[in-house]
Amino acid sequence: MRDQPLTIYAAKGVFSALVDFCHAERKRCVSDGCLLWVGHIRFCPVDPHMGTYNQGDHDPGGQAATAWLDDDADRLKAIAAQGGRTLWYNPNGALAPNPMPAHDGEIIKMDDLATIPAMLAKPTLRTCLAWMDAWVLPDNIRRHVELVARLAYGLGGMLRGQGQQVDPILAHRGGLLHDLDKLHTLDRSRRHGDTAAAFLWEQGHPDLAEIVRGHILGSVLEDQTDLRTWEARLVFFCDKLVEQDQIVPFDVRLSALKARYPGFRQIMDQAEPYVWALNDQICSILSISNHENLISILEEL
Ligand SMILES: [Fe+2]
């Protein structure tokens, strides 16, 4: 996908901002007022009106939109609901008003334009929800993963605001999918997370596969587990703060897990320090004084 030319329909105000941004930053881009090229990505201004776009809008070259770019998250939500790919122009780094963001990526600064292909390589929210249906996720697990996803997105946005390399939308999608194989691994014949990870690999999403495979507590003790990305760490961490569909301190969650899975007590004991270390790292970056305050902040997301 990276080598394919992309056409992004940008709301006119956003298009103007991008052109100004390009000129101010003296980035390598080409603009004639009607089109803006940044590398192999072609931006085309369109007129959003009546709360959504006129689906008949098209650019002078007649190219269909690969994705839509707007600063209005609600308009993007409407396009995403129709199956369109969407990018939120979010120069202030705000969190999306919708607790389940429907857009596929966020443009905060000019350099983000180059990462649009990676943003669009993710499965859409619609696809994630369809997979949750196909894997027959029961309501209680669905509420759990939706809350984990929300927290991972929120924390991701906060860490991004402190200069960390994190895609909050990828963290959100990882949160949604992390328990996809829960019902299929209850009999312990397969390691929880591995079946869903294999599925995501087959679907062409190795980054999400690693997030899902690495979310279980004992994974931090396994050499092959890749928890190096913030997105993977956030889904792992937020899953340790959500018991059923409630936000709880980690020690409460850990006690519940030990009671539910007594055969894994020793592994959980060994993995516990990693979670506290991750908690301390996150609190330090976000200037949060302790775990209890972090929990309070998450409850406001
Ligand atoms: Fe979970």
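Gln244 is exposed, because 12 other C-beta atoms lie within 10 Å and the exposed class covers counts of 12 or fewer. The model is a predicted one, and the position of this residue can be read from its secondary structure. Gln244 sits in the loop that links strand S10 (242–243) to strand S11 (246–247). Its backbone has a positive phi of about 55°, although Gln244 is not a glycine. Most residues other than glycine have a negative phi.

Ser287 also has a positive phi of about 55° and is not a glycine. Ser287 counts as exposed, because it has 7 C-beta neighbours inside 10 Å.

Strand S1 (residues 6–11) gives a contrasting picture. Of its 6 residues, 5 are buried, so S1 is largely enclosed by the rest of the structure. S1 runs parallel to strand S4 (residues 41–46), and 6 bridges join the two. Within this pairing, Ala11 has Val46 of S4 as its bridge partner. S1 is also parallel to strand S7 (residues 67–70), to which 3 bridges join it. There, Ala10 stands opposite Leu69.

At the level of the whole chain, the domain assignment gives domain 1 (6–120) and domain 2 (125–299). Their C-alpha centres lie 30 Å apart. Contact between the domains involves 12 residues of domain 1 and 11 residues of domain 2. On the domain 1 side that touches domain 2, there are 6 nonpolar, 4 polar and 2 charged residues.

Key
Residues numbered from 1 in each chain as written. Predicted model: local features only at pLDDT ≥ 70, side-chain atom pairs only at ≥ 80, totals over all residues. Domains from an automatic or database assignment. Contact = placed C-beta atoms within 7 Å. Nonpolar A, V, L, I, M, F, W, Y, C, P; charged D, E, K, R; others polar. Buried ≥ 20, exposed ≤ 12 C-beta atoms within 10 Å, placed from the backbone. Helix = DSSP H or I, 4+ residues; strand = E, 2+ residues; numbered from the N terminus. Pairing = 2+ DSSP bridges.
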